[in-house]
Amino acid sequence: MILTVIAGGTLFTLMGKNPLEAIRVIFLDPIFNDTVASYTRPQILVKAAPLVMIALGLSYGFRANIWNIGAEGQYIIGALAGASVGLALYPSEAFWLLPLMGLAGIVGGLVWALIPALLKIYFRTNEILVSLMLVYVAINLLSGLVTGILRSPIGFNFPESRSFHALASTHNDELIAGTGMHFGVFFMLGLVIFCYWILKRHIFGFQVTLSGQAPRAAKFAGINPNLMIVLCLGISGSLAGLAGLLEVTGPAGKLTTTFPVGYGFTAIIVAFLGRLHPLGILLAGLLMAITYIGGELAQFMIGLPAAAILVFQGMLLFFLLATDILVNFRMRWNTQSKNRSRIARPS
Amino acid sequence: MIDLSSISLVTLFASILVASTPILLAATGEMIVEKSGVLNLGVEGMMIIGAVCGFIGAVKTGSPLVGAIVGMTGGAILSLVFAVITQYLLGNQVASGLALTLFGLGLASLLGTEFTGIRPPPMPKLDIPILSDLPVIGEILFIHDPILYVGLILPPVLWWFFRASRTGLIVRAVGENHEAAHAIGYNVRMIRVTAIMVGGGCAGLGGAYLSLVRVPQWTEGMTAGAGWIALAIVVFASWKPWRVLLGAWLFGGLSLLQLNLQAAGVAIGVEYLSMSPYIATILVLILLSSRRYRHQAQAPSCLGKSFHPTL
Amino acid sequence: MAFTLPIEVAAEPLKVGFVYVGPIGDYGWTHEHDIGRQAVEEALGDKVETSYAESVPEGADAERVMTQMALSGHKLIYTTSFGYMDPTINVAEKFPNVKFEHATGFKRAPNVSTYSARFYEGRTVIGHIAGHMTETNVVGYIASFPIPEVVRGINSAYLAAKKVNPDVEFKIVWVFTWFDPAKEADAARALIDQGADVIMQHTDSPAAMTIAEESGIYAFGQASDMAQFGPTARLSSIIDDWSPYYIERTKAVIDGTWEMTDTWHGIKEGMVAIGAFSDRIPADVQASATAIKEAIVAGTMHSFEGPINRQDGTVWLKEGERADDGVLLGMNFYVEGIEGDIPQ
């Protein structure tokens with residue numbers, strides 16, 4: 001972290017900006033600035049919500065050595081499925097419409113994630129690759145549908161769907177006025193607690209960890225590896241799908257070809273930065289959200305180009321990933337010295 | 001109205017060769033990296049760095065070939081960051097690769113700010129006498145620039161390299177079982193770092209081809225997802241050099257074909273055609289893992305796994 | 001900051017924010033808006049303080065950026081992409097004292113004006129040139145999305161080309177993107193393979209121009225002049241010039257005379273500029289193109305003036321009838337003579 005600040009500071013100095021000011025704007029202004037912070041503080045939570053929700057889901061698979069890197073696709077399909085339900089029933093004003101769309105979003109993400117799961121079970125295909133390929137299928141499906149049957153009939157042929165904000169029944173509205181905090185923020189907070197409980201207290205948390213660290217022992221303990229694959233991919237897919245639906249009915253408001261902005265990929269980074277621990281993921285998600293919002297502030301407050309912020313984020317991630325693993329590794333070394341030869345794990 | 005005969009197959013194939021070269025180079029590089037057991041998802045970042053470095057190099061020196069080398073070096077240097085983090089600091093490869101893409105995209109636009117709106121020096125075409133006068137074959141194959149031929153030569157060279165050369169077999173061994181390779185006494189880290197840098201260099205060259213030949217100009221974000229396509233091609237090709245070539249032609253060709261069909265007045269569903277190569281890739285994966293082919297190419301066993309020597 | 005300012009400064013400078021959809025280095029749409037921003041700074045000096053956020057995704061992120069700008073004291077915010085429409089309206093509702101200017105949209109509010117340019121007027125001029133210059137009688141057209149603005153451009157260019165060259169044929173390729181240099185370059189190559197010797201584009205990057213230069217055919221600059229990309233290929237260009245509008249509107253806010261408006265300016269007001277003619281265009285064609293430009297400015301000519309039939313042969317405009325803006329804004333059909341369908 002300190003290294004990033006130094007490296008980032010050097011970069012900003014090279015660009016002729018005051019480094020301390022730049023770093024202050026990126027990290028502190030979103031939380032403490034007098035004029036904007038009352039708005040940006042809750043916005044950090046809003047921005048973090050999809051990242052944390054997806055990362056929490058992914059963390060189970062990553063613990064169990066099951067590598068879903070297609071959360072972006074599951075997020076898109078979740079949004080598509082939920083949105084399609086809403087659009088099919090347009091202009092229904094039923095109170096159950098949003099919950100139904102939520103359910104459809106979960107199912108959409110689940111189905112998309114089960115494809116790599118089932119292929120892995122029946123054909124032993126690599127889930128990293130299948131889930132990644134399905135991201136592109138999802139992106140193309142989205143643009144096919146929003147330029148086709150889901151296109152808004154009142155939108156002058158622009159590639160976008162009807163607005164979900166137009167009807168209260170499809171609007172994932174802010175729950176506290178003026179903050180923008182929608183259902184997703186509260187789901188996120190609830191999920192963090194729930195996942196923490198699962199990890200610490202529930203047998204499933206133990207089984208997941210065991211399958212990842214010692215697959216053979218897990219087998220002897222009666223854990224069905226195939227069930228593990230379905231559960232881990234299913235959980236992450238469902239949560240990504242739900243996150244997508246909450247985003248499209250909430251902050252985004254409509255389906256467009258530009259709807260996916262890479263949350264599914266960023267969530268992978270968030271999951272690792274948080275060391276796959278629910279509280280860590282929450283913190284990592286908030287940190288990412290702060291740099292996004294702080295980056296925007298830095299653009300128009302001190303004229304830092306968007307590219308410099310990308311570079312800064314990249315450096316931050318490099319340093320965190322590098323040092324994080326050092327810490328992680330040392331812990332393992334002590335506790336698992338017997339297991340040395342198996343340390344070659346994908347972490 | 002629909003007149004398919006107006007599409008000249010000769011020019012179409014020649015264009016496909018050009019259009020597929022950036023992804024071919026990047027995919028070949030990524031294949032080398034993955035053969036050594038490393039998954040680097042930062043191809044997009046390395047390509048765009050290659051594009052901007054190559055462009056700057058060409059404009060500054062006036063020589064597109066020097067530019068191509070600069071682009072290659074740029075990609076390799078960027079990949080070194082990834083190599084250090086994943087091989088020496090044991091950072092997670094998936095997350096580090098994604099971070100590399102962010103970093104590369106940002107750095108490229110910073111480097112390129114002064115270079116938008118400039119035309120690069122034109123890349124010379126190798127006009128091979130006699131060969132280029134051959135009907136059809138000559139018009140498709142022998143009218144291009146030198147980098148394109150580098151792309152075409154790489155797959156056969158790598159085919160030989162991974163099949164018959166000692167070094168190639170060692171790289172493969174490292175990718176299949178790093179424990180064993182280490183036990184025999186090979187320096188797993190060194191081999192992987194080298195593979196990553198060669199991969200970075202190829203991606204950089206692919207990027208440079210984009211900014212020097214295919215488009216030719218520098219604009220921010222100009223790779224527009226080509227790096228991700230390269231990743232898909234490696235999988236599609238099931239880590240076989242010849243199939244990487246085929247995959248690059250297929251992925252590059254389909255997008256070109258749909259534009260050509262449109263120009264010829266044939267209406268088609270663009271999105272559904274664009275997603276078909278990815279679905280084909282998944283089908284290839286399934287086919288490969290079905291029993292009949294199981295003994296054949298699969299993903300390198302250690303793909304994506306960190307290695308740290310245990311003394 | 002307050003300490004560094006000299007005490008004599010009476011009024012605080014007006015803070016003006018710009019939200020861009022692409023990077024300012026795209027050499028197309030966003031680039032031209034940023035030139036407009038710089039023109040405001042230059043013209044109004046220390047009366048204004050401008051700032052911008054680039055590459056802001058349409059949707060939730062845009063809304064947040066606008067809100068942050070409004071909160072941090074910006075009193076006038078230009079939102080420069082169609083996809084910012086709903087976010088702009090939402091944020092404007094929360095900040096009644098902040099003025100918003102949204103480009104190319106159709107939703108307005110007491111503190112939200114919209115502005116757009118009649119690019120189709122420019123396309124009438126370059127369509128006229130293209131009709132004269134093509135020898136193969138095939139004009140290639142790289143189109144982005146099948147929205148009214150793009151369809152309008154195709155129609156007006158075609159009508160103008162057809163008028164001077166009855167044999168002209170338009171080949172249209174839809175790339176479904178505003179900005180993807182590689183794809184635009186491929187589209188240009190595909191059109192050239194199909195016999196096009198003049199290329200027009202409605203996408204943002206100068207890729208097609210460089211390909212035209214390479215292939216020794218003609219092309220027109222789009223959004224910015226693009227002369228440096230095609231020294232011999234470029235015939236002319238349609239340049240978006242937002243500067244006069246931005247200066248005028250910013251001044252209005254400073255003077256307190258700003259009112260909600262719906263602006264659709266063309267060549268006459270200077271929002272659409274025609275780039276210098278290349279000397280490859282014969283003098284008589286240059287003269288007739290200039291005459292068309294002047295006629296449009298004078299109002300004696302309109303890009304869509306009857307008799308014009310729709311593609312299916314039904315009458316759209318009768319002899320002497322001019323299209324009204326309402327129809328133009330929603331235009332979703334080709335005029336008679338263009339082949340193919342608008343993708344659905």
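Two strands are said to pair if DSSP finds at least two bridges between them, and the views below, which all come from a predicted model, begin with a sheet built from such pairs.

**View 1. The open sheet of chain C and the order of its strands.** In chain C, six strands make up an open sheet whose order is β2-β1-β3-β4-β5-β11, with parallel pairing. The two edges are formed by β2 (48–53) and β11 (262–265) of chain C, each of which pairs on one side only. From one strand to the next, the twist averages 20°.

**View 2. The pairing of β1 with β2 in chain C.** Strand β1 (residues 14–19) of chain C runs parallel to β2(C), and six bridges join the two. Within this view, C:Val16 can be found opposite C:Thr50, a residue of β2(C).

**View 3. Two helices that pack against the strands of chain C.** Helix α8 (residues 243–255) of chain C packs on the sheet, where it touches β1, β2, β3, β4, β5 and β11 of chain C, and its direction makes about 140° with that of β1(C). Helix α3 (residues 85–94) of chain C lies across β3 (76–79), β4 (99–103) and β5 (112–117) of chain C, and this helix runs at about 170° to β4(C).

**View 4. The contact between the two domains of chain C.** The domain assignment divides chain C into domain 1 (14–117) and domain 2 (119–241 + 271–329), and the C-alpha centres of these two domains of chain C lie 29 Å apart. Eight residues from domain 1 of chain C and ten residues from domain 2 of chain C take part in the contact. On the side of domain 1 of chain C that touches domain 2 of chain C, the largest share, three residues, is supplied by helix α1 (residues 29–44) of chain C. Sorted by class, that side of domain 1 of chain C holds three nonpolar, three polar and two charged residues.

View 5. Chain B contains twelve helices and zero strands. Its radius of gyration is 20 Å, close to the 19 Å that the globule rule gives for 311 residues, so chain B is as compact as a globular protein of that length. Along its principal axes, the C-alpha trace of chain B spans about 70 × 50 × 40 Å. The pLDDT of chain B averages 84, and 92% of the residues score at least 70.

**View 6. The side of chain B that touches chain A.** Here 43 residues of chain B are in contact with 42 residues of chain A. At least two residues of this side of chain B come from each of α3 (64–88), α4 (93–112), α8 (178–184), α10 (226–236) and α12 (270–289) of chain B, and α4(B) gives the most, with twelve residues. By class, the side of chain B that touches chain A has 25 nonpolar, 15 polar and three charged residues.

**View 7. The side of chain B that touches chain C.** In this view, 35 residues of chain B are in contact with 29 residues of chain C. Helices α1 (9–35), α4, α9 (188–214) and α11 (241–263) of chain B each supply at least two residues of this side, and α11(B) gives the most to it, with six residues. The side of chain B that touches chain C divides into 16 nonpolar, 16 polar and three charged residues.

Definitions and conventions
Residues are numbered from 1 along each chain as its sequence is written. Chains are lettered from A and ligands numbered from 1 in the order in which they are written. This is a predicted model: local features need pLDDT of at least 70, side-chain atom pairs count only at pLDDT 80 or more; totals for chains, interfaces and linings use all residues. Domain bounds come from an automatic or database domain assignment. Two residues are in contact if their C-beta atoms, placed from the backbone, lie within 7 Å. Helices (H or I, at least four residues) and strands (E, at least two) are DSSP runs, numbered from the N terminus. Ala, Val, Leu, Ile, Met, Phe, Trp, Tyr, Cys and Pro count as nonpolar, Asp, Glu, Lys and Arg as charged, and the others, Gly among them, as polar. pLDDT is the predictor's confidence in each residue, from 0 to 100. Axes are lines fitted to C-alpha atoms, for helices over the stretch in contact, and angles run from 0 to 180 degrees between N-to-C directions. The radius of gyration is taken over C-alpha atoms; the globule rule is 2.2 Å times the number of residues to the power 0.38.
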